[in-house]
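I opened my notebook to look up a few things in this structure.

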Amino acid sequence: GLDDDPLNALDMLFKKWKSRRKPKTTLPSTHHEIEISLETAFAGHEDEIVFGETETVTYEIPPGTVHGAEIVVSSPNAQLYGDAIVTVRHRTHERFRSTGSDLHGDHPIELAEAVLGGAFVFDGIDGPTRIEVPEWSGSDTVLQVREKGLPKPNGKRGTLHVHLRVMLPEKRDPNLMDLMRSSKKAWYI
């Protein structure tokens, strides 16, 4: 019969053992959001979460934390609280947008510089950086500067993408207008 089967005896033992060694109740995690500036994302930051009324836990937002990253903050008391999951968001920045570890910024250049090329100093997230403009750079040109984005976990950094915006001079430039007229005629000959 059933009692003769050694596997059944093992099953019974296992059930008893399981009921004695109940795992700690894993309480559901709580979800939180934090908004940080890109400068804070670049440098890293310490923040804190209060569990219940009184238990404050400090946690680390590592340098280079990307928009949408989730940080798990372990519960200080698993009987009372579940872990906290913090979603990090990048606050809108006046000069940069972030995609992962990469940063995007815009830079106006004058028509002459767009046509002839040149260089400018761009104010990056961690200070000024010199950027070369190749000749014939239109408004859709994106110049990439490696290692000038947010820090990555591997010690490297993301890329800074500078989107050029070609501007006309504020004052009408008759020479420029004559030049355009003469070259326009040349194209139609």
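**Ground rules.** I am working with a predicted model, in which local features need pLDDT of at least 70, side-chain atom pairs count only at pLDDT 80 or more, and totals for chains, interfaces and linings use all residues. I count residues from 1 along each chain as its sequence is written, and side-chain values use heavy atoms, with hydrogens and water left out.

**Three-stranded sheet.** I looked up an open sheet of three strands, which has the order β1-β5-β4 and mixed pairing. Its edges are β1 (30–36) and β4 (70–73), and each has a single partner strand, so one side of each is left without a neighbour in the sheet. From one strand to the next, the twist averages 25 degrees (axes are lines fitted to C-alpha atoms, for helices over the stretch in contact, and angles run from 0 to 180 degrees between N-to-C directions). I noted that strands (E, at least two residues) and helices (H or I, at least four) are DSSP runs, numbered from the N terminus, and that two strands pair if DSSP finds at least two bridges between them. By that rule, β4 pairs with β5 (residues 84–90) in the antiparallel sense over four bridges, and Ile71 stands opposite Val86 in β5.

Asn77 lies in the loop between β4 and β5, and its C-alpha atom is separated by 8.9 Å from that of Glu55, 22 residues apart along the chain. Asn77 is partly exposed, with a relative accessible area of 23% (buried means under 20%, exposed over 50%, partly exposed in between, with a 1.4 Å probe and protein chains only).

**Four-stranded sheet.** I then looked up an open sheet of four strands in the order β6-β7-β11-β10, again with mixed pairing. Here β6 (96–99) and β10 (142–145) stand at the edges with a single partner strand each, so one side of each has no neighbour in the sheet. Strand β7 (residues 102–110) and β11 run parallel and are joined by eight bridges, and Pro108 has Arg165 in β11 as its bridge partner.

**His161.** Is His161 buried or exposed? This residue, which sits in strand β11 (residues 160–167), counts as buried at 10% relative accessibility. Its side chain makes a polar contact with the side chain of Gln144 at 3.4 Å (a pair of N or O atoms within 3.5 Å; within protein, one must be able to donate a hydrogen and the other to accept it, and residues adjacent in sequence count only if both atoms are side-chain atoms).

**Positive phi.** Trp136, in the loop between β9 (127–133) and β10, has a positive phi of about 60 degrees although it is not a glycine, and counts as exposed at 69% relative accessibility. Glu147, in the loop between β10 and β11, also has a positive phi, of about 65 degrees, and is not a glycine; Glu147 is partly exposed, at 37% relative accessible area.
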